[in-house]
Amino acid sequence: MAALLLRPIAMAAPPAAADWAAQHQQLVARLAALAPSAGAFGAAYAPLYQAGLPWYEQWGGNPQHSVDDWMVPPEQYASELADALEHGRNFFADNPTALLPMAFETKTAGNETLRANYWIILPAGFAGSGRRFPLIISLHGSGWLGHKISFVRQARKAASAARCFEVTPIDEGGPWRLDFLNAFLDRLLATLPIDPDRVYVEGHSLGAMATWEWALANPDRFAAISPRAGAGEPFRAVRLKHVPAWVIHGADDNIVPRGCSDQMVAALQDCGASVRYSVLAGGQHNMPGDLDEGQVVDWYLRQSRSHDPAPADPLDQLGLTAAGYSPWEMIALPEQRYWQSEPVVLADRDAYLQAALALFKHAHDRGELVDAPFVQKHELAAKRATLWLPTPRTLQRNQAADPASTAVPAGRYVRFYFRGPTEKGLAHVADIAAAVEATGQQLAGTVWVTPITLRPDIPSYVAEYRAELK
């Protein structure tokens, strides 16, 4: 299904607004009137009709927002669905290889309404089999935020019967929300014959970041994951000790550098997790059309959810107060070697990306895996920041072989963790200066910041701060 979402977008010509409005209301009325008859096809299909019949009214498009021309126009789909029901035919059973559009709606504990539409592919013979089937959830990237979808008559060749449920929710807003994703999965598990021990999640780009984030927050929900062209949170990788991962990234990705996947793979290896890593030679940010998704599905279906308890979340062990700060402590670090960037404005995403690509290139040119996260070096008086990437551990053992690196001598630091904007974290250094000086130590005016979570522009962002001591 992931390859399907990378098709070029070509929009069909919309109908006239007046014609569409009349047709839309007629179809909505027909489908509403037919809702009671959908129960005639048995308990297996009832949840599909309950989610499928409201789709056209809520998400069917309008004259200004038609769907791509490789999808059936929503009005044609709604008409076909109504015709089938009026003649006593089970539309969903008659289209066993299709992508079927569905509607999802729920309320959060705070009474917020969450809505989305999604595609589903049904496994062959699921109705009346008495079996539970695996589920694959595919999370799209930012290029598909709020995208219009409709019925796709044949998403699979008839000869390749689906072995599992596959769903692709369509995100209407921005970064994926975990409360939505968990509520969505809860609904699927409650209404469809899904094996809870065989739930798999994959995603591309923004969807890969959500795949990492969702699995890190809820490792007990998944049998395996496959993030593609994304970035995760290496600090928390131990959470996935019992969740196999197949990580895929293009070697020449200049949107989300493959070094971001390197860091997660290295962290998973360090904690003894099961991880496969495919770096696609010459691959750009989008996955190539010939990616063998069937091979990944075969791998999924060999994985079953572990019932061993997930390791504790390192985030919960930082001692963060309600204000977001942990108590500060003094630590000593040995000499370490880094590659460093030119000064960079961290808020300039393009400049940050180019600096990151240049540093990752040092590792990849040497055939190395990037095995540590970036560190931001802030010189407070000069108001200047640079990026520093620790050289891989194999090169740390052979410093003379890497003259491009810079040695940071052994030293002492004041360390704390902070949840919130970097500017506030840096300001906290001044707040604790007097307490530090009371111990007979002096701050040097340089702070090293290591991001721990993704997305520094959100309130829950966490980083480690190390203020140098003179």
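In what order do the strands of the open sheet come? Colour your model by secondary structure and read across: eight strands run β1-β2-β4-β3-β5-β6-β7-β8, with mixed pairing. (Strands are DSSP runs of E with at least two residues, helices are runs of H or I with at least four, both numbered from the N terminus; two strands pair if DSSP finds at least two bridges between them.)

Before you go on, know that this is a predicted model, where local features need pLDDT of at least 70, side-chain atom pairs count only at pLDDT 80 or more, and totals for chains, interfaces and linings use all residues. Residues are numbered from 1 along each chain as its sequence is written, and side-chain values use heavy atoms, leaving out hydrogens and water.

**Stop 1**

(Angles run from 0 to 180 degrees between N-to-C directions, along axes fitted to C-alpha atoms, for helices over the stretch in contact.)

Now pick 133-139 and 194-204. That's β3 and β5, running parallel and joined by six bridges. Click Ile137, and you'll find its bridge partner in β5 is Val201.

**Stop 1: two helices on the sheet**

Show 258-270, helix α8. It packs on the sheet, touching β7 (245-250) and β8, and its direction makes about 160° with that of β8. (Contact means heavy atoms within 4.5 Å.) Next, 293-300: helix α9 lies across β3, β5, β6 (224-228), β7 and β8, at about 155° to β6.

**Stop 2**

Arg163 sits in the loop between β3 and β4 (165-170) and Asp298 in helix α9, so the pair ties together parts 135 residues apart in sequence. The count of salt bridges comes to 23, taking a side-chain nitrogen of Lys or Arg within 4 Å of a carboxyl oxygen of Asp or Glu.

**Stop 3: the largest cavity**

Select Leu333, Pro334, Gln336, Tyr338, Val408, Pro409, Tyr413, Trp448 and Arg466, the lining of the largest cavity. (On a 1 Å grid over the protein atoms alone, a cavity is a set of points where a 1.4 Å probe fits but cannot get out; lining residues have an atom within 4 Å of a point.) About 70 Å³ of space lies inside.

Note on methods:
On a 1 Å grid over the protein atoms alone, a cavity is a set of points where a 1.4 Å probe fits but cannot get out, and a pocket is an open set with protein on both sides within 12 Å along at least five of seven lines; lining residues have an atom within 4 Å of a point. Grid points are joined across faces, edges and corners, and a volume is the space filled by probe spheres set on the points.
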